[in-house]
Every structure is written in C-alpha cells, then in structure tokens.
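Student: Can we go through this one together? I'd like to know what to look at.

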Amino acid sequence: MTPAEAAPPAPEDMEAAMGEWNAWGSKVGDGLIDFGSPLANGVRVSPGGAPAPSQRDVAGYSLLEAGSIDDALELARQHPHLNMPGCEIEVHEAQQIPGM
C-alpha cells in the first residue's frame, strides 16, 4: 500500500513517525542531500515508447552522500522505514557518466 492509499494516520502517530525520520536525518547530517518523498503511480516506458504501469513497488527515495557503499549501507540499516512491516531498502551507488 502506498502512502496515498493508506488511511491518514492520527496526528500523534504522524508526529512520532516523523520524529523517527527527523532523528535519522540528523544522524546522516550534511550527507542527506535530499530527504526524499513518497512515490506512487510508477510508469515504465518501453524502448518503443509505450507506457505501462510499473511492476516495482517503490515507496519513496532519499539521496545520501556517503564516504563508501558500506557507510551508506550502515545509514540504511538505521532508517526508520525498516520498522514498517514488509519494508526493505535498496542502496544504489551513483556512477560517473562516461565522458563527463
């Protein structure tokens, strides 16, 4: 279920959840480039240009700058999103664009 599909949380539940996220963001510090946003309604585009609903359940994103992939993984292990039933986090490393 995406955040848009879920019933609105009680204000005290939202405050507690955001407190966890803000505490995590404070741990990350200046390495938190973009706190992120919930995502929904993904669409994939084929090489021919035809759109179709995404087959991936991506609930949101955050952009981090870390010294290494291991450092990024350690930050991910502490992310409050992992407290939600059935949730997981993927960490991807941005690569240099060839020729740039």
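**Loop, helix and surface**

Tutor: Start with N41, which sits in the loop between β1 and β2 (43-45). Helices (H or I, at least four residues) and strands (E, at least two) are DSSP runs, numbered from the N terminus. This is a predicted model, where local features need pLDDT of at least 70 and side-chain atom pairs count only at pLDDT 80 or more, while totals for chains, interfaces and linings use all residues. Residues are numbered from 1 along each chain as its sequence is written, and side-chain values use heavy atoms, with hydrogens and water left out.

Student: Is N41 buried or exposed?

Tutor: N41 is exposed, with a relative accessible area of 72%. Buried means under 20% relative accessible area, exposed over 50%, and partly exposed in between (1.4 Å probe, protein chains only).

Student: And what is phi of N41?

Tutor: Phi of N41 is near 60°, a positive value in a residue other than glycine. Most residues other than glycine have a negative phi.

Student: New topic. How many residues does helix α1 have?

Tutor: Helix α1 (residues 11-28) has 18 residues. From first C-alpha to last, α1 reaches 26 Å, close to the 26 Å expected at 1.5 Å a residue. The expected span is 1.5 Å times one less than the number of residues. Just after α1, G29 takes a positive phi of about 70°.

Student: Which residues of α1 are buried?

Tutor: W24, G25 and V28 are the buried residues of α1. Seen down the axis of α1, they fall within an arc of 105°, so they line one face of the helix. The arc is that of the directions from the helix axis to the C-beta atoms.

Student: What do they pack against?

Tutor: The buried residues of α1 pack against β1 (32-38), β4 and α2 (69-77). Contact here means heavy atoms within 4.5 Å.

Student: Which exposed residues are on the face turned away?

Tutor: That face of α1 carries the exposed residues P11, E12, E15, S26 and K27.

Student: Where does H79 lie, and what is it in contact with?

Tutor: H79 lies in the segment after α2, and counts as buried at 8% relative accessibility. Leaving aside neighbours within four places in sequence, H79 is in contact with W21, W24, S62 and I89.

Student: What about H81?

Tutor: H81 is also placed in the segment after α2, and is buried, with a relative accessible area of 15%. With neighbours within four places in sequence left aside, the contacts of H81 are W21, A59, C87, E88 and I89. H81 and W21 are 60 residues apart in sequence and 8.1 Å apart in space, C-alpha to C-alpha.

Student: How many salt bridges are there?

Tutor: The structure holds 1 salt bridge, meaning a side-chain nitrogen of Lys or Arg within 4 Å of a carboxyl oxygen of Asp or Glu. E74 forms a salt bridge with R77, the closest N and O atoms being 3.4 Å apart.

Student: How many residues apart are E74 and R77?

Tutor: They are 3 residues apart in helix α2, which separates E74 and R77 by about one helical turn. E74 is partly exposed at 38%, whereas R77 counts as exposed at 56%.

Student: Last one: which residues form the nonpolar patch on the surface?

Tutor: I33, L39, V58, Y61 and L63 form that patch, with about 420 Å² of accessible area together. Patches are made of residues with over 30% relative accessible area and no salt bridge: like charges are joined within 9 Å, nonpolar side chains (Val, Leu, Ile, Met, Phe, Trp, Tyr) within 5 Å. Accessible areas come from the Shrake-Rupley method with a 1.4 Å probe; for residues, only the protein chains shown count as cover. Y61 is found in strand β4 (residues 60-64) and is partly exposed at 33%.
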